[in-house]
Structures are given as C-alpha cells and as structure tokens.
Amino acid sequence: MYTEAVSTHPEVSLAQRKRQLVSDELTSAALRLLARRGFDAVTADEIAAVAGVSKRTFFRYFASKEDVVIHLLADVGTDMRAELASRPADEPPSVALRHTVWVSVNACAGPGQALRVTQLILESPALHARFLARQAQWGDELAEELAHRLGLDPGTDLYPQLAARIALSAFGAVLQRWSAGDGAEDPAALTDRVFAVIAPALDAVRRR
C-alpha cells in the first residue's frame, strides 16, 4: 500500500506521511476532548495520551494546545487572497470581497466537526485572541491585494486597509451568528445579508 502511494505521489515521502498521520491523530484527539470537556479543562498531556503518543512527541508537533486548534486555520489567509486575486477585474469590490469571505466561511462552516471547532475558537479567550491575531495578518494580505487590484497606493490610501478590515469583520460576524445558533442558520444566506449592509461602504472607492 505504501509503495503504491509513494510511487503515485513521489513528492511526498514516507516520513512526511507518517508525520501527517501523527499530526492528524493529535488534532482528532484534541477536538474530541475539547468538544466534550471544554478548552480550559483539557491539558496537552491528556491530548497526547488519547492520541497514543508521548508528551514529548506532542511538543514536537505543537507548541501548545492552542496550536492544535489554530493550525486548522493555516490556509485561510492564503485561500482568501487567492480568491480575491482571481475575481474579474471589473467586479465591484463588495462582490469580489463577498466571494472572498465566502471561501473562508464555507471552510469554517463545513461538515464534520467544523461547528464545534468554530465554537471553541470563539468561546475560548486564548483561542479567540490567536484567531484575531491571524485575522489581522489576513487583513494586511487582503489590503495589499485590494490596492493592487484597484491601482491604489497602500502607503497613502486608506481604502485598502479599511475595506479589508470591514470584510473580515463581516467574516467574524457571520461565524459568530452561525456558531451561536448551533449551525441552524444558512451561512451563505448570513454572508449575503451582512454584505448587503456593508456593500455601499465597500463600493465607495475610485479606481486609479
């Protein structure tokens, strides 16, 4: 089985696959424990024990129990920037940013344990602080892409930063509402409703 997998995907080594398997098992164990008992009640030692590895192994993969959850957001910023860059050049900013934000809303509101992961991040002060730090980084990246898209100078024009922060605030508002309702509301409809409110501000810009 491993021989076939390696020959089909020669760029992925057996060591890399093993590392990914251990990382996945630690993440799965953490989410099971955290969902059942809450973030503050679970220790890194317990996560390691449930995953069947040593505490030392845990810390080779993650610096803290916060990292076990937050690493699930690793690709969010990259995916949003890629989506914004791919939108038609003549598309209004509000439309382009709505599609951009939807990429991440859809990822966070996906199947499986997505709801519980989102609730853990938003309900735990430690995780929420890490989430906001990531969001600030995403804002800078989106602002750069917006400036390029609109021919604006990110060093002097306020619009790119403001628009990026407004869009990410919309992202947070959708996740808050969706998670608070235990996933009962349609995240796509929530995204559309939020952007209907902020669209006039996002589109109040002149291209150069």
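The model is a predicted one, in which local features need pLDDT of at least 70 and side-chain atom pairs count only at pLDDT 80 or more, while totals for chains, interfaces and linings use all residues. Residues are numbered from 1 along each chain as its sequence is written, and side-chain values use heavy atoms, with hydrogens and water left out.

Let me turn to confidence. pLDDT is the predictor's confidence in each residue, from 0 to 100; its mean over the chain is 88, and 92% of the residues reach 70 or more. The exception I would point to is residues 1-9, where pLDDT stays under 50 and where the model has four contacts beyond four places in sequence. Where pLDDT is low, the predicted coordinates should not be read in detail.

Now the overall layout. The chain has 11 helices and zero strands, where helices (H or I, at least four residues) and strands (E, at least two) are DSSP runs, numbered from the N terminus. The C-alpha atoms fill a box of roughly 55 × 40 × 30 Å, taken along the principal axes. Of the 208 residues, 41% are buried, and here buried means under 20% relative accessible area, exposed over 50%, and partly exposed in between, with a 1.4 Å probe and protein chains only.

Next, the helix pairs. Two packed helices are described by the angle between their axes and the distance between the axes. The axes are lines fitted to C-alpha atoms, for helices over the stretch in contact, and the angles run from 0 to 180 degrees between N-to-C directions. Angles under 35 degrees count as roughly parallel, over 145 as roughly antiparallel, 65 to 115 as roughly perpendicular, and the rest as oblique.

Helix α2, residues 14-37, and helix α3, residues 44-51, have axes that come within 8 Å and cross at roughly 120°, and the two are therefore oblique to each other. On the α2 side the contact includes Leu 26, Ala 29 and Leu 33, and on the α3 side Ile 47 and Val 50 are among the residues taking part. By class, that contact divides into eight nonpolar, no polar and four charged residues, where Ala, Val, Leu, Ile, Met, Phe, Trp, Tyr, Cys and Pro count as nonpolar, Asp, Glu, Lys and Arg as charged, and the others, Gly among them, as polar.

Helix α8 lets us look at two partners in turn. Its axis and that of helix α9, residues 125-150, come within 5 Å and cross at roughly 95°, which makes α8 roughly perpendicular to α9. Leu 120, Ile 121, Leu 122 and Glu 123 of α8 make this contact with Pro 125, Leu 127, His 128 and Phe 131 of α9, giving six nonpolar, one polar and one charged residues.

With α10, the axis of α8 comes within 10 Å and crosses at roughly 115°, so α8 is roughly perpendicular to α10 as well. Here Ala 114, Leu 115, Thr 118, Gln 119 and Leu 122 in α8 meet Leu 175, Gln 176, Trp 178 and Ser 179 in α10, and the residues divide into five nonpolar, four polar and no charged.

Also in α8, which spans residues 114-123, is Arg 116, which is partly exposed because its relative accessible area is 24%. Leaving aside neighbours within four places in sequence, Arg 116 is in contact with Leu 34, Ala 35 and Glu 123.

Which residues does Phe 195 touch, not counting those up to four places away in sequence? They are Ser 94, Leu 97, Arg 98, Val 101, Ala 167, Ala 170 and Leu 202. Phe 195 lies in helix α11, residues 187-202, and is buried, with a relative accessible area of 4%.

Finally, a residue to look at in the backbone. Most residues other than glycine have a negative phi, but phi of Asp 182 is near 55°, a positive value. Asp 182 is found in the loop between α10 (159-180) and α11, and at 55% relative accessibility Asp 182 counts as exposed.

Definitions and conventions. Contact means heavy atoms within 4.5 Å.
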